[in-house]
Amino acid sequence: MTESRTIKSKPTLFQTATSDSYQRWRLVKDKLAARGVVIGGLSIIVAVVLIFFYLLYVVFPLLLPAKLEASANGGYAVPAAEMGKTLFAAIEEQNQIAVRFTDTGKAVFFNVAGGEIVANVSIALPETSQIASFNHGSIDKGVVAFGLTDGKVVVAKHEYKLSYPDGKRLITPSVAYPLGNQPLVVDNTGQAW
């Protein structure tokens, strides 16, 4: 008689590792990781799109045409209109004080909000000549030039000194002469510049 014996073999390490519960847990982790990668990728795309919308929101007003509206107080007349016709006007960086250069060689500094005159400065022009032309340099540098009828030029610069007496901001305007207050000869023949 032959005996048949069934020998139960011991599970190997590979068979233990591939048990059903382990496989299920591995599939759950795999699906969680896949969904996490998808969510992470989509959130990055959403973040980039939101950044573009924010940049568009910030830049869009620059693309619109400029508008100017009258102030609530109705505005005011040209400060010191009796000083002559305006050749050039500029506002300092704090937007509180403005200057108006006239055809009579005056620099009229005034308060932007109300039009009150802060200072009135005469440009150092010789009495023997008159203003024939006017030009200004870059606005942020504040340099202006008065061409005279005798072929000379006077270069002036409007400046603003900022101080804080008693903790309150005070802007003091002035006129300086970066090339000296004597007229410079531009045309030796004496023709108007």
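1. Let's start with a term: rings of Phe, Tyr and Trp (its six-membered ring) pair if their centres lie within 6.5 Å, and planes under 30 degrees apart count as stacked, over 60 as edge-to-face and the rest as tilted. With that in hand, look for the cluster that ring pairs make of Phe88, Phe101, Phe134 and Phe146. By this rule the count comes to 7 aromatic pairs.

2. A word on what you are looking at: this is a predicted model, where local features need pLDDT of at least 70 and side-chain atom pairs count only at pLDDT 80 or more, while totals for chains, interfaces and linings use all residues. Residues are numbered from 1 along each chain as its sequence is written, and side-chain values use heavy atoms, with hydrogens and water left out.

3. Now the core. A nonpolar core is a set of buried Ala, Val, Leu, Ile, Met, Phe, Trp, Tyr and Cys residues joined through side-chain atoms within 4.5 Å; buried means under 20% relative accessible area, exposed over 50%, partly exposed in between (1.4 Å probe, protein chains only). The largest one has 17 residues, and Phe101, Ala107, Phe109, Ile123 and Val144 touch the most other members. Among the elements giving it two or more residues are β2 (97-102), β3 (106-111) and β7 (152-163); strands (E, at least two residues) are DSSP runs, numbered from the N terminus.

4. Which ring pairs with phenylalanine 101 in a tilted arrangement? Phenylalanine 134 does, at 6.2 Å centre to centre and 35° between the planes. The two sit in strands β2 and β5, 33 residues apart. Phenylalanine 101 is buried, at 0% relative accessibility. Its contacts (heavy atoms within 4.5 Å), leaving aside neighbours within four places in sequence, include Leu87, Ile123 and His158.

5. Phenylalanine 109 and tyrosine 160 give you an edge-to-face pair, 5.9 Å centre to centre with 85° between the planes. This pair joins strand β3 to strand β7, 51 residues apart. Phenylalanine 109 is buried at 0%, whereas tyrosine 160 is partly exposed at 23%.

6. Finally, visit glutamate 92 in the loop between β1 and β2. Glutamate 92 is buried yet has no salt bridge, and arginine 169, the nearest side chain of opposite charge, is 7.0 Å away. A salt bridge needs a side-chain nitrogen of Lys or Arg within 4 Å of a carboxyl oxygen of Asp or Glu; Lys and Arg count as positive and Asp and Glu as negative, with His and the chain ends not counted. Not counting residues up to four places away in sequence, glutamate 92 touches Ile97, Tyr160 and Ile171.

Technical notes: Helix = DSSP H or I, 4+ residues; strand = E, 2+ residues; numbered from the N terminus.
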